[in-house]
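Subject: Handover of a structure

Hello,

I am passing on a structure that you have not worked with before. Please look at it first; my notes follow below.

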Amino acid sequence: MIKIVKRDQPSKAIFFFTPVLAIFLTLVAGGLIFFILGFKPFEALKFFFIIPIADTYGFSELLLKATPLCLIAIGLSFCFKSNNWNIGAEGQLTFGAIVSGGVALLFYEQEGFYILPIVILAGAIGGMLYASIPAILKTYFNTNEILVSLMLVYVSKLILDYLVVGPWSNPEGFNFPETRQFSDSAKLPLLFEGLRIHAGIFLALAAVVISWFVFYKTYLGFQMKVSGFSLKTAKYAGYKGKKMIILVFLISGACAGLAGVGEITGPIGQLHREISPDYGFTAIIVAFLGRLHPVGIIFASLVVAITYLGAETAQIFMQIPKYTGQVFQGMILFFLLASDYLLFFKIKFIGSKQ
Amino acid sequence: MNTNLKISNVTKIYPGCVANDNVSLEFNSGKIYALLGENGAGKSTLVKILSGVIIPDEGKIYLNENNLNLNSPSDAKKNDIGMVFQHFNLFETLSVFENLIIDSDEQRESLREKIDLIMKKYNFPIDLDIPVLNLSAGQKQKVEIIRCLIRNPKVLIMDEPTSVLTEQETSELFLSLKKFSEEGILIIYITHKLKEVMQLCDEVAVMRRGKLVSVSEIKNENIESLANKMVGQNLKTIKKKKAKTSSDQLIKITNLNFTSEDPFETNLMDINFSVNRGECLGIAGISGNGQSELFQVLSGEIISEKKSIEFNNNYIGDLNPQERREYLMAFSPEDRLEQAAIPQMKIFENVALNNFKSSNFFNNGLINENKIKEHSKKIISDFNVNTDNIELKSQFLSGGNLQKLIIGRELITSPDLLICFNPTWGLDVGAINYIHETLIKINEQNKSIILISTDTDELLKLSDKISVIHKGKLSKIMNAEEVTSEKLGILMGGAN
């Protein structure tokens, strides 16, 4: 007989084990899906998870995709750890990209070392401005930040659409929905000849270190955590709870905005309609898979980045739609949430009592 | 017609606890039954089984010898079992009438007549067409009761019905329940309030830790005997020693007013009082008369005019709670789980919420975890918190242990004044005794207490002086020896 027993307190080992379990179960289920589709499961999984990163170029692509995921997820971890459900990182990314892209376009004929920092800063500010909308509405008007931040994603995408089709479209661009190419001074330097991996990865790594320090080591981080759990407690302790909520949204908006900057000033080099394959949404999975811990988020962003690459490889070599990548992302989240049950309950096998 | 309800060998096991352990009980109409027990004794589980919300692992329910299969709340309704829960299940924005017809398949018009009849018969004057959110707690409860009565129930179960009621509303409720009982409805009344049991019920079943401890007639019981059955230990009676009267004034409140923008809050009007060193000032009142606002004003969660609060010869009315702590004030709010502590955080993190400069919990903006942990261990051992793991999330502490932790956290700074609000609300008797002893000890150390409480017995036991708050105004301050609970009752009702 199997019996489910509640744990007295969540097991720490299980806490770090369930993400691994979730990935394993995703692989099993993925293999099963490939099998049903008529592929050899192991071969298909190899195409999906190993072939894409088997060479230097592939590996650099992995880091390229992991960079925005990691950066956004770090920002989101501030929100999620303090119980602020910012679902709109995709919108903050887009708006950050719009602002920084706008600044980059201002300088399109100019060269100079000062341009890139301004462009980067503009992106962070854009993301922060956009994140401040759900934050202020939540703190002063009691709106639900999930709805507001989510709906603002579509608003920002439509603004981007309007800009690249209309006022910002490239005058020499034959009416394609895209802007001019940015000048080289507005682009993040590439790290290696022939690879697309760029300096944005340092932004992500810096975010990891800073967020770890702020959240775990500072009074500010402690206040954010308390305010997130309960504004009443924050007030009672004498903290400025509402300011803390706004602050975590600003941090997360800045990170998403920076991720947007990394995309448009890195591999893309201009603004067009599709600047992000939903990095802002996928980063939510990354944040939870990484247990909202900076180091965990690094690993999680690498794992989830593979699903992007794998989906492309699978499309080319196995003629499977690239949306399989999203299926895998969905499965990871599903299995993670399911195996989190083990945090609070344990399964006991009991000999049958007759 | 006589109604007979039988619970036969009911067992319900949850992961980690046995909520009902082989419980058998029998009820007959014409009597009012009390189901008595502490929080977590298994009363709620049992009535949820009766109302079909929970399905038991083992055991059967019989109504008039028929075995009932209660797999959902609608099964219970079909079998004429009505239930009024502690927390109302009403749609706040819908009208009273809409709430009443929601789960009924009768015609609107005939139902309206029926409801009018019920309201007339039991003297429930409620406007059917106003939204539920405009009703008082007592009126909402009446709506719930009407909702049951529409179905002509044979059994009516009331789960902790008086926790949100004023005394006036409570006595109205008791009258109605007695009337229902006379008309042949079997009443089961769940509570942990002993006085109500003595006042209202004919028979009492006591539960403890999932087991049925005793079934007896009220006339053979008294409050002490029931309390002993409920907690399974003999109650200690603590009596406060007469304090040395001191004339050394510690805190003085002058012309303090608070006007709230929130219509659901109470305005405070012209509050004046002072507390001397070593004294406990009790503030009595029915909940919702401004206690919460008064606590917040005193703690600094609500900031007032600088000169309205003078503490130890400093004007502190405009300081926030953290700044007030520097002047050696400490605060224990009413809501343990949503305000005084954060259940999802670890014990030592909760300790850090009481951050005062000399604690060195945070240096130059950085967390000093060792210092906090050292401090936490001291609180746990000094205040008998039943755990040795300060890394434990505080949600795993029982209410009593959490309250000890909170009081300990506030007292370990040896503050000159502790302001506490319902410090023993919902605790078991053992924890209540501990908290009371602790509060008495503080006074003996010549420290002061402002005790805001809705528990009159607690106030009479611990206070040196007592005042009553009613609609945001304080009565004159009386010496505790001159006060009786009857006198407090009159003042709480608003009389002079």
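Two residues count as in contact if their C-beta atoms, placed from the backbone, lie within 7 Å. This is a predicted model, in which local features need pLDDT of at least 70 and side-chain atom pairs count only at pLDDT 80 or more, while totals for chains, interfaces and linings use all residues. Residues are numbered from 1 along each chain as its sequence is written, and chains are lettered from A and ligands numbered from 1 in the order in which they are written. Helices (H or I, at least four residues) and strands (E, at least two) are DSSP runs, numbered from the N terminus.

Chain B, six-stranded sheet

Six strands of chain B form an open sheet with mixed pairing, in the order β6-β7-β8-β3-β9-β10; two strands pair if DSSP finds at least two bridges between them. The edges are β6 (81–84) and β10 (211–217) of chain B, each with a single partner strand, so one side of each has no neighbour in the sheet. β6(B) pairs with β7(B) (residues 155–159) in the parallel sense over four bridges, and there Ile81(B) stands opposite Val155(B).

Two helices lie across strands of this chain. Helix α1(B) (residues 43–50) lies across β3, β6, β7, β8 and β9 of chain B and runs at about 150° to β7(B). Helix α6(B) (residues 167–182) lies across β3, β7 and β8 of chain B, at about 145° to β8(B). For these angles, axes are lines fitted to C-alpha atoms, for helices over the stretch in contact, and angles run from 0 to 180 degrees between N-to-C directions.

Chain B, four-stranded sheet

An open sheet with antiparallel pairing has the order β12-β11-β14-β15 in chain B. β11(B) (residues 249–258) and β12(B) pair over six bridges, and Leu256(B) has Ile271(B) in β12(B) as its bridge partner.

Chain A

Chain A has 14 helices and two strands. Its C-alpha atoms fill a box of roughly 85 × 60 × 30 Å along the principal axes. Helix α12(A) (residues 294–318) is followed by Gln319(A), whose phi is positive, near 55°.

Between the chains

How many residues of chain B are in contact with chain A? There are 26, and they meet 20 residues of chain A. The elements giving two or more residues to that side of chain B are α10 (321–325), α11 (336–340) and β18 (366–367).

Regards
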